[in-house]
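Please consider the sequence and the three-dimensional structure shown below. The paragraphs after it are intended as a guided reading.

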Amino acid sequence: MAHPEEPRTPSEPHPPSEPHTPSEPRTADAPRDWTDEHVARWQPVLPGLDPVVEGAVTRMKKLSVHLRRVREQSLVDFDLERHEFDTLHKIAGRGGSAAPSELAQDLDLVPASVSGRLDALEKRGLVRRTQSTADRRRVVVELTAVGRETWLGAMDVLGHEEYRLLGVLAPEERVLLNDLLRRVMVEAESTEPATRHHWHG
């Protein structure tokens, strides 16, 4: 994906049957964004630059950066470090309780590192350790009411921003956008190992 300031150099020329589009199509009354200026600045420098591809990829990158900043601010607002949120998130993803060994697997950490995280979260009252009712030799980690409220609060900040941004689209446009992005991601995942460590994952 291109850095917003640095467009990609086309890897191959446009096929003769597909003439280069001189500018990105847009409706006359559509407001311009930062990417419009970016594409206009680089097109004379890179004549082979496809403005539609460059515009789409640059906008996806900038949107990702924007949502990452919102996420980071939400963690600050709820006094959470990223690793603390990740731990709460993995517990929530298992229904609100999990064995330390399961968390170690989910977080890709050694058990000692997970134990240290849980110690800190337990001191803050965000999780509690209890003995399993099925096997008293096992320890179960549970979200407390405060822990669940904190996790949901941080999640909601990003969720509200996602809905605000996609709210500019009609419902059928959101469905179409989702379908188009799926097709792009299927192609991306077919050539690279899938990485699934997402905010919601």
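The account below begins with the whole chain and then turns to individual elements and residues.

The structure is a predicted model, in which local features need a pLDDT of at least 70 and side-chain atom pairs count only at pLDDT 80 or more, while totals for chains, interfaces and linings use all residues. Residues are numbered from 1 along each chain as its sequence is written, and side-chain values use heavy atoms, with hydrogens and water left out.

Confidence is the first matter to consider. The pLDDT, which is the predictor's confidence in each residue on a scale from 0 to 100, averages 84 over the protein, and 80% of the residues score at least 70. Over residues 9-23, however, the pLDDT is below 50, and this stretch has 16 contacts in the model beyond near neighbours in sequence; a contact means heavy atoms within 4.5 Å. Where pLDDT is low, the predicted coordinates should not be read in detail.

The protein contains 7 helices and 3 strands. Helices (H or I, at least four residues) and strands (E, at least two) are DSSP runs, numbered from the N terminus. Read from that terminus, the order of the elements is α-α-α-β-α-α-β-β-α-α.

The surface may be described next. The protein has 201 residues, of which 28% count as buried. Buried denotes under 20% relative accessible area, exposed over 50%, and partly exposed the range in between (1.4 Å probe, protein chains only). The accessible surface amounts to about 13600 Å², and 56% of this belongs to carbon and sulfur atoms. These areas come from the Shrake-Rupley method with a 1.4 Å probe; for residues, only the protein chains shown count as cover.

Alanine 99 lies in the loop between β1 and α4 and is buried, with a relative accessible area of 5%. Its C-alpha atom is 4.8 Å from that of valine 140, although 41 residues separate alanine 99 and valine 140 in sequence. Leaving out residues up to four places away in sequence, alanine 99 touches Arg138 and Val139. Valine 114, in helix α5, is buried at a relative accessible area of 1%. Beyond its neighbours within four places in sequence, valine 114 is in contact with Pro100, Leu103, Ala104 and Leu109. The C-alpha atoms of valine 114 and proline 100 are separated by 6.9 Å.

Two strands come next. Leucine 143 belongs to strand β3 and is buried, its relative accessible area being 10%. Apart from neighbours within four places in sequence, the contacts of leucine 143 include Leu88, Ile91, Leu126 and Val127. Between the C-alpha atoms of leucine 143 and histidine 89 the separation is 9.7 Å, and these residues are 54 residues apart along the chain. In strand β2 (residues 127-131) lies glutamine 131, which counts as partly exposed at 45% relative accessibility. Glutamine 131 and valine 141 are 8.7 Å apart, C-alpha to C-alpha.

Located in the loop between α2 (51-77) and α3, aspartate 79 counts as exposed at 56% relative accessibility. Lysine 62 lies over the face of tryptophan 34, at 4.3 Å from the ring centre; a charge sits over a ring if NZ of Lys or CZ of Arg is within 6 Å of the ring centre and within 35 degrees of the ring normal.
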